[in-house]
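Trainee: I have a model open and would like to talk it through, one topic at a time. Could you take me through it?
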Amino acid sequence: MEVQFDLFEHLIKSPSKEFLNQIIYEAFNQSQEIKPSANFIDQLSQSLEIDQATSEKLIADLARLIRKLIFESQTNLQQIQDVLALSSLQTNLKNLLGKLLAERLPQFRNKLLKEEEMMPKLLDFKCRVDIKMEANITDSETKSGQQICLLNLKTDEDTKERIRANSVKQPIMDISDIIKQQFKKRSEKQLGLLSFLARLYPNDKCGSNGLPLTPNSIRIYGKFQYLKTITGPNLCQYVDIQRGQNERLFVLSEHYSLNLQDLLSDTYIYNLIITNSGLLLKWIDQILKAFLYLSDNLITNRLVSLKNICISAQGDVKLANYGLYYMSENGNCVDFAVFNLETLAPECYILDFLNTTENSHRSCSNSELLNTELANPKSDVWAIGCILVQFFFGLKNLSLKAEEVIEKMIEVNDFSSGYDFILDLYGIDQAKKNLVEHKTSSIYLKLIKKCLTIDSAERPNFRELTNFFDKCLSEEKIGAFCENKCAGKKKLNLFRNGVKFCESLDDGEEDILWQLGVNEVYFLWKLAAGDCLQTLKTNGRLKTTLSSIHKFSVYTQAENGFEHGKLIHEEESKFNDQIVPVSLDQLRKRFELLSKKIFFPLLEFKADKFEVENIQLQPVNIRELDIDYQLYRIVLFSRYLGAFPFKKEELIKECRIDIPPLYRNLAWAVLLEVPLNIEDIYSSINKEQVTSTDRQIDVDIPRCHQYDPLMATPQSHIKLKRVLKSWVLSNTNLVYWQGLDSLCAPFLYLNFNREELACGCLTNFVKKYAANFFLKDNSAVIHEYLAVFSHLISFNEPELAAHFESIDFKPDLYAIPWFLTMFAHIFPLYKIFHLWDCLLVGSSAFPLCIGVSILKQLRNILLKSDFNECILFFSELPEINIEKCVKDAVNIFQSTPESCTFREHSGSATEENDPLLDMAPISLDKLKSEMAPRISARDVISLAKEKTHKYILIDVRPNSLFSIGYVTESKNFPFESINFSKLAQALNPSSSTSDTDLALPFFLAQNKNAIKIIIASQEFLDSAIDLANKLVKLKFSKICVLHQGIESLKPTDIYIQEPKCCVNDEPKIENLNLELSKQTLNTMISGLNKIKDQLNSIAASQ
Amino acid sequence: MSSQTRTGSGGGGTVNKTCQFKLVLLGESSVGKSSLVLRFVKGQFHEFQESTIGAAFLTQTIQIDDTTVKFEIWDTAGQERYHSLAPMYYRGAQAAIVVYDISNKETFQKAQTWVKELQRQASPNIVIALAGNKLDLANKRAVSYDEAKQYADEHSLLFMETSAKTAANVMDIFTSIAKKLPKTDLSEQMSRTSQTRSGVNVGSANQNQPATSGCACK
């Protein structure tokens, strides 16, 4: 900014020092865009003998100088003179001007500090490169994104406070600093724990459907889930609910120990606050915002008290403990009163007292009527009026007795206003009233009086109250201030609200722990052996021991048929509204030991990865319990998920390693390619529409995974029904089969508050893994699936296949529920999660491998069992080790050529299949009659070329054909020459064998673990199949038959055509036999003896 | 549980025979088929018995006079869609229990369709019992005892109202079936069984022969 000094020459003509001062002042105003008056310009032009335009220019130049000096903080004499020295002004004028400016500038600067919105002062900055995504919801294909550099500027926070305070022309005071100083520890963000007991039902009470009543703790558990979605402004977020013994519940939430009650108790702080109108306005505004959000989300608080209005370290309101009334179904699921006596609205007194004192006697219909009355959020408006009275009148230890309140309540209509009534109730005399009213701004009094409208019909709701408050503010010429940070920052992302990751390096959070979201911290706290009951005990809130007398009385009462354990809980422990802070110190210490890098992984550079190789060798169960590892996974996944759909490939790669439980729902949605606009799709389905399957769904849901408390909740039943109906309505070619409920349950469990994701996952899961299973007539699909399953058993577990064959035990008898529900019907949820983690990264053939893997795990028992025992065994599946099961399944998957799992009805789009090289459907009967799978020519070629697996090729065509042409490395055992009785006998010690008969078994024994491909021409295909069946029965593994016969390989380069002249020569295979010297014969016999021994030992073990 | 029916076995020098019967349960879903079996086989009751997919198999042995009767029980899925699987379970069965829920009229109608189908397509000598389950919900009864009894009589079915939850009549209905089954003519039973079973998908035929020939009617 260049300053022109030329015109300053005219100042020499200034009549007096005062006039010069005035010029400077006007120039300062000019710099603030306040034009000097026309009068002054006239005066100036006359005094300095210049024209008006020059005067204006002079003022403008001077203004520029002042602004420059203030901006550059050059406000002392020396600095000013240095600047002026650049000019060619007379020395006298320079000195005078310098002196005058030096006198006035500090004043100007302070004035600016007070009045102006200034650029916050930059204290520090950090930067990192990150990927920001802009997924377009309406167009899932649009993938626009860019790598951007995130600059984090740490600014002088005080400025904001100052601006706020200034808007009501109050002296500047930064309350958040004071709070930080005074309540350092207490205003920190924490996890809070609230514990209470649900109401017990009499022991054997049943509902009208004959089923036992849902325990109240389960009802609360279900109702609570919705509260997790309440993430409004100025609210402590709910995190989780846990069920303890004896209907005890633990509710965990974000928490701050500092609350308005505390501030009230500290006279010094209280006086600072009560006179800081900017702060008060901010807080009241935030309280109203919080309550407005709650009422918009249909939650009535009822536990309004100064104690439940917490203050964060940033000096913001955080409302706590607002969900108890909601989660306890308006207090019906608990035995204590869910209200605050001091702030209870008049219309609630009578109703609530009826509710709590005589709850055991009230009739059902009556209570429902009461509920709708009671849940009216207008009672919270009254309560806000009450706490404001308490706050402004400084009422610290208000302790009212229920009887007194009731007595007063009867007279409520005698009072001219609710305000007077409350003052009377709180025992405030006229003198105090006058005193407080005198020093309290009329805005607050208006607000309080509005809240305390006795008649609930006339009382405003929160929307009206907020509008009223805004109107008051504008009347008082106080503009709207501090817009909430959270508003308008909605991510258009499939995973909106799903993950919290540190977008900024510091969001006002110095604490390394809170670089993570509250859900993430809670998850890790649990891993760090965080225990709710223990937390209560260490806070002295639970009696850990019972006196023996107590125990005795419990015992004897139980004997008499009284409720068990009734006496264990003393009345006061049923509910204590004090939220206990959960100790996060251990976790924090652990975090501090870790490199900060863990929070900001560089996704592009592999070298930067956390050292995980060792831990990734551990079983999944152990990995899921490792805090450091989970932290690493959480941060990594939150980054990938946050960037979705970019980095999708990398994300899937990580999913193959393992999936952190915290983000399993989102990871699954990614793996299943749930469309980005699933929310729109889901909401467009009319889930109330009556369908023919409603009854079936209704009877199935109350039996679906009911051992799990979440699945047993009424909410879960409603949601499961909605998701299933949506599936039925949106998959019109498919129908509901029993079992679909089980299939859906894991998805709903993981996405309890996001039904659309559950539905999207279910739809795509069925498409990929259970394609066509839910057709109206699915028998062809299922039978083909089971036939292929049989083949895989033969291929991988021939002993079992042979045994099952001998007792005629078919997969149809046991495996339908396995595959129809992808094992969801036979395993508990926690096992399904691990199983599906792996299944979802596999192909549609992977479930078959899981099936074989389960059989493999049970092999020894199954081999000893007859038909009845086998089938009984599957009726109650014994404990299966999922880790091992998954591992085996992967091995099975890898060792089985892809074409062996070919299915006509697999639903996968048939790409351009080569009629010769690839598989083609074969009839179901034929499929069932064959024991071994078929292999495609393409797979044979890739085996021959890539040598990924050991394999042998057995050509069963007659010698004459083989000698004309054959496949490389194939050996010819003409079908006719195979002596099957000898083949069996060859394994029998007592029989004598000739050399030729031994060739095949020896060859097979030599290549025990190789894939054994039987080749024939189309003409002899039946012989190949016959041989395959026989070999499977003889318990040879990895037998398969070339699907289209040798013809399919003829055009390829692994087929060797012999020169025509050789036709009359000895066939090659006979040469092989003739070449058998005595030595090789000996080795063969010893090899055979080994097989013999093995078979004997197997026979013995049976 | 089963001790009530163990009357007069052994002891008096009577020859103890063992007979094996295939029994199938049919009926609308959630009428309590699986619960009845669970009560009969294990004496247990689960409030939230999971739905049956495809079919489940259980066995239980009871003593009728001097005969040991072994039931092979096929508990089928109730949903209408699984109907196509049903024939493979009831074909070759010597006994069937058709179950309905006394608090639900529709399930009684469904039971009648099952009876019709069995009488038309199952073995001609099949013993059919009709069980009106959920007797514990008598206060919500939608099907009267007399109505069901009359229907059972007209179609010569065994009839009992049962409750898997309270165990009422559960043992009795299985015992009554066992008593009504022809135990005297076992050779004929066996041959008939193997004949009818030979065409069945479910492979209980082969394994039965060695098992029963070994221990039947000693």
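Trainee: In what order do the elements of chain B run from the N terminus on?

Mentor: From the N terminus on, chain B runs β-α-β-β-α-β-α-β-α-β-α-α-α, with 7 helices and 6 strands; helices (H or I, at least four residues) and strands (E, at least two) are DSSP runs, numbered from the N terminus. Before going further, note that this is a predicted model, in which local features need pLDDT of at least 70 and side-chain atom pairs count only at pLDDT 80 or more, while totals for chains, interfaces and linings use all residues. Residues are numbered from 1 along each chain as its sequence is written, chains are lettered from A and ligands numbered from 1 in the order in which they are written, and side-chain values use heavy atoms, with hydrogens and water left out.

Trainee: How many helices and strands does chain A have, then?

Mentor: Chain A has 49 helices and 15 strands, and of its 1102 residues 54% are buried, where buried means under 20% relative accessible area, exposed over 50%, and partly exposed in between (1.4 Å probe, protein chains only). For chain B, 58% of the 218 residues count as buried.

Trainee: And what about accessible surface, how much does chain A have?

Mentor: The accessible surface of chain A comes to about 50,500 Å², with 51% belonging to carbon and sulfur atoms, and chain B exposes about 8,600 Å², with carbon and sulfur atoms supplying 48%; these areas come from the Shrake-Rupley method with a 1.4 Å probe, and for residues only the protein chains shown count as cover.

Trainee: Okay, the interface. How many residues does the contact take from chain B and from chain A?

Mentor: The contact takes 39 residues from chain B and 39 residues from chain A, contact meaning heavy atoms within 4.5 Å. Between them the two chains bury about 3,300 Å², 53% of it on carbon and sulfur atoms, where buried area is the accessible area (1.4 Å probe) that two parts lose on being put together, summed over both.

Trainee: Which three residues supply more than any other three of the area that chain B buries against chain A?

Mentor: Those are Phe48(B), Ile53(B) and Arg81(B), which supply 21% of the area that chain B buries against chain A.

Trainee: Changing topic: which residues of chain A does the "domain: Rab-GAP TBC" annotation cover?

Mentor: That UniProt annotation, from an unreviewed entry, covers residues 658–843 of chain A; such annotations may be inferred rather than shown by experiment, feature names are shortened, and positions are given in the numbering used here. In the model, that span is 58% helix and 0% strand, and its end C-alpha atoms lie 17 Å apart.

Trainee: Where is Lys928(A) found, and what is it in contact with?

Mentor: Lys928(A) is found in helix H42 (residues 924–929) of chain A and is partly exposed, with a relative accessible area of 39%. Leaving aside neighbours within four places in sequence, Lys928(A) is in contact with His783(A), Ala787(A) and Asp812(A), and its C-alpha atom is separated by 8.5 Å from that of Val788(A), 140 residues apart along the chain.

Trainee: How many disulfides does the structure hold?

Mentor: It holds 0 disulfides over all chains, a disulfide being a pair of cysteine sulfur atoms within 2.5 Å.

Trainee: Is Cys849(A) buried or exposed?

Mentor: Cys849(A) counts as buried, at 1% relative accessibility, and Cys704(A) counts as buried at 3%.

Trainee: Last one, which backbone oxygen does the side chain of Ser1048(A) reach?

Mentor: The side chain of Ser1048(A) reaches the backbone oxygen of Gly1045(A) at 2.7 Å. Ser1048(A) sits in the loop between strand E14 (1039–1042) and strand E15 (1055–1057) of chain A, and counts as buried at 1% relative accessibility. Beyond its neighbours within four places in sequence, Ser1048(A) is in contact with Leu916(A), Leu917(A), Ala937(A) and Leu1042(A).

How values were computed
Polar contact = N/O pair within 3.5 Å; in protein donor to acceptor, adjacent residues only side chain to side chain.
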